[in-house]
Amino acid sequence: MALLKHEHEALVAKAVAGDADALTELLAAYGPRVERHLDIGRRWRGVLDTADVMQVTYLEAFLEIARFDAARATTFAAWLHRLAENNLRDALRGLARHKRQPAARRVLADARAPDDSRDQLLDELVSASSTPSRALRREEAHARLDRAISQLPDDYAAVVRASDLQGLDPDAVAALLQRSPGAVHMLRARAHQRLSELLDSAASM
Amino acid sequence: MNDADDPVTDADLSSADEHRRLIDLARHQAQRCLLRMPTPAGRWVADTGDPFDMPGDMVEGYHLIEELHRGGQGMVFRGVQLSTDRSVAVKILPLGEFATRAERLRFEREVEILSQLTAPGIVRIIDSGVASGRWWFSMEFVDGVPLDSYARRLRCEPDARPRVIALCAAVADAVNAAHLHGVIHRDLKPRNILVDRNGQPHVLDFGLARQELNGIGDHTSTMTEAGQFVGSLPWASPEQVSGAGTPVDLRADIYGLGVILFQLLTDRFPYRVIGPAHEVVRAITSAEPTSPASFDASIDDDLATIVLKCLNKEASRRYQSAGDLARDLRHYLAGDPIEAKRDSLSYLWRRRLRRHRVAAGAVFSFILMLAGAATVTAMLWQNAAAERDRAIDAELAQERLKQRAEREVRKTAEVNRFLQTVIGAADPGRTQGHELTLREMMDTTRRQLDAGQLAEEPDLEAAVRGSIAQVLAALGQLDDASAQHEQALVIRERVHGGDHRDVAESLVQWSEVLGRQGRRDEALTMAQRGLDIIRRVHNGDHRDVVECLRRVAWAHVGVTRLTEAEARMAEAVAMLERLVGPDDVALLQLRLDQTVMSHSGSSVRATAEILDRLHDSLGPLHPDVLTAMKMLGGMLQMNGDLQSAEDWYRKSLIATEDVYGPTHPRAIEAHMTLAQLLAQRGDLRGAFTMLLDVRAQAEVAHGTRGFGYAQFLNVLGGLAGQLRDDTHAEASHALALEIFRALRRDQSGEGARARIALAQVCLRRDELVQAEVLLNECLAIDQSVVAPSHWMRGQAHSMLGQIRLKQRAFAASEALLLQAHRELAALGPRYEPMRDAAARTLVRLYEAWDTAAPELGKGAEADAWRKRASVENTP
């Protein structure tokens, strides 16, 4: 689907203003070509698919479009491409890290108590955020985390619950959610990023 | 951004649908997520409350009580319709104006489609509208559980399997009803099917359904539909997941039903459905499904075949309608041959052997008796070729089935080679014009089996021996038939061990022959053993158990344990009713058996009721209706209501001629039955004239050298004899006997009948030597064919007594006549005229003897017999 320049600009303006139909049209126009530029590499082709990357990229596009700054970004396509590349990079990183781990550590850590797993997740998230976790009371932090998870897109929430709260191995999460292992890493990275933001905004309220 | 720098190619367009699906999915998730945010994180949702919070009075006219389900297609609430106070389900599209266009369209389409569907098994829509900007519709509330949960609960019960299959058949019926309205569901899965408290399934959620307008639908795959696809991926058909451009029609639903069936039977999926979506898609489009039997050995070939036929990758090789699937599931439940395998010759052999209780039921005998040898050879060649193709085409679906297919093909080829060897011997060039009889064909086949021709295929050998036994039994060769059944049984016991349905089948078939041989105690023992085995094999209701119960009932009749017999028959009837429902034809047929067995005053009424119901369900011209008419006539005849019997015979005759035409064997048989009744009513002339009129038709029906024609001549000759028309009587019986001899079937009851009738003509003409030869031939017929207690033996002794009387050999005549009287008197009222004739001959004997030798005082004997004859003649 080729768009004329003025059509393109009008659609981007509408999309940024919150018109989901316009964004849908833009994604349908540029998504396939962004996908063609993604290079997964031979090593990970069996555990990650470009469609997995695009699925998360489209979700991010809907969640992030309000922040798209037409003045700063070169083009909508470049913006979309960057989202996709970030996702791909997170997926590949996750896959590589998981593969490097000794087999014993890759075994399910399902004996972990729910509260421990919450603490661990909070530590992981808040260390990357501006708010010191120690400042929050434990119960309050847990409640805030639960609320934030419930505000995640369904796919993200499912990955967080399975990987971080239940402590399942990425392969097991992949099997449970019927996704590829690469997609799980990608979803988890995006979910953590969004959780951090949600916790930040909650803490600052 | 310059589009010219980065032109969109055709490859992009080919994947456009997939991208559109992913985008819609993302949009949906993002909207749900943003709507859940407590603060306006996105500008789209600036001023809405929680879209999932539905006040109880949100929909006017309804009170919403509780949320039942929340899914991609909307939220479903249990509620009450205030105007009627009835429970309803209300489905609401919660995102309201934030719903995508696709979601709104889907919702509207579901309303439109449901409003057109009023079939049982599909929830009915009540009303629809928009409330607070949200689309809603109300429908019947089904108080039930999802199909898979229901099936799981059933699993603990003894008859779980048949009930699950019956349930699937009912679901297929409902889906078929939707198809007949042009609606394809496209999202069939256990969660979309609720089973109510009465065990009735209800198909829900037509949100993804598509309507075919005059057969022209939007033949795109469900991959283009937003969002809702992923959850149903395990039930999606290959054509649904293979992307744009692949036509999707009602056979996608057949596939979905196949996955459901697989799931309910095994609690698993036919493929691995956990893992990356692309791998699941690959499995659906290219992996051969695992046979359900490999997860549960108690799933037999037929059931596995039904499931795998649904799961065929190619839509054209699945059932072509959900109705076909429902029918085959019911065939399976009833123990009938399933359509999915009807092309396999050896399969048909097995099923027919199992099913048909009449002696001539085996396919082999049908083929040989009904068709000419040349036609048969040609047919078998065609079958062999087609069978190979079909078997290979249809059954490669899975490795285990593939091996079985090869084995089947080999077996079929083996059977065909066998038949060709046998039939090849019938070639006049090889037999120097000698006409090979069925009996000789059976002998050839048996010799080849004895020489070890099928030693490598013991189950096939057993089946062939069972078949030979049935043909031999039909020919009246009961000893040989019995021996073949015994051998078949030994083989099957060796191959399968004790508890196997084939073993039970052999026992039951053998029991039938033993009963006819007069070995009634053994018959009962065998039938009972068969029943015990089949009960252990099926562990619950099954058509095989019904068959065994029926046989055991008749075996009890054989040893005059009538109470036991009626109890078994009642059990069989009750079981079959549970299996097939109250209106099934098979049940009505079994009820006919029951009424015949418990022959009583009420049987006639019961038979008439069964006839009515068969008539209603099958129409007036169905063969089973004709049979029931004839049986009703027969019962009335036995009850002495000859006028009503005649009425029914006449109705049956007219209908039979309508259905089969006047030159069909059944039409001739109907004429013969009526003629015999007319003769019983005293209208000998009418009966004889009627048969004489259809003699040419009988020739066409059976052929001038056919067994049926000879039987017809026997009846015709018998009527002529009673009319003292010796010319017609002699001509008819002589020709009949000639045909029987040519067919090597003169050593039969029919052969005996022809001889006795001819002897009677000879006797009247004083051709005593000729008459004696015929009567001695008659008495020499094996007792296993014409039993010692048969009326023909008494009658032959009586006539030999007459011959001796004419020869004035008084002592010899006395001995023969006394024996004849004793024999005929033992046969009951029906043979009283023959008994009385023997008594009158005794009177004549003693009078003649007294005249010839008064010193012996035989006059007193004459007086005594005269008195006895007159007493016996007094009713």
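Let's start in chain B, at B:N539, which sits in the loop between α19 (520-538) and α20 (543-558). Helices here are DSSP runs of H or I, at least four residues long, numbered from the N terminus. A quick word on the source: this is a predicted model, where local features need pLDDT of at least 70, side-chain atom pairs count only at pLDDT 80 or more, and totals for chains, interfaces and linings use all residues. Residues are numbered from 1 along each chain as its sequence is written, with chains lettered from A and ligands numbered from 1 in the order in which they are written.

Back to B:N539. Its phi is positive, about 50 degrees, although the residue is not a glycine. The cut-offs, with C-beta atoms placed from the backbone: 20 or more others within 10 Å is buried, 12 or fewer is exposed, and in between is partly exposed.

Next, B:R808. This residue is in the chain B loop between α33 (791-806) and α34 (810-825). B:R808 has 10 C-beta neighbours inside 10 Å, so it counts as exposed.

Now chain A. Which residues of α1(A) meet α2(A)? They are A:L11, A:V12, A:K14 and A:A15. Their partners in α2(A) are A:A22, A:L23, A:E25 and A:L26. Contact means C-beta atoms, placed from the backbone, within 7 Å.

Notes: Helix = DSSP H or I, 4+ residues; strand = E, 2+ residues; numbered from the N terminus. Contact = placed C-beta atoms within 7 Å.
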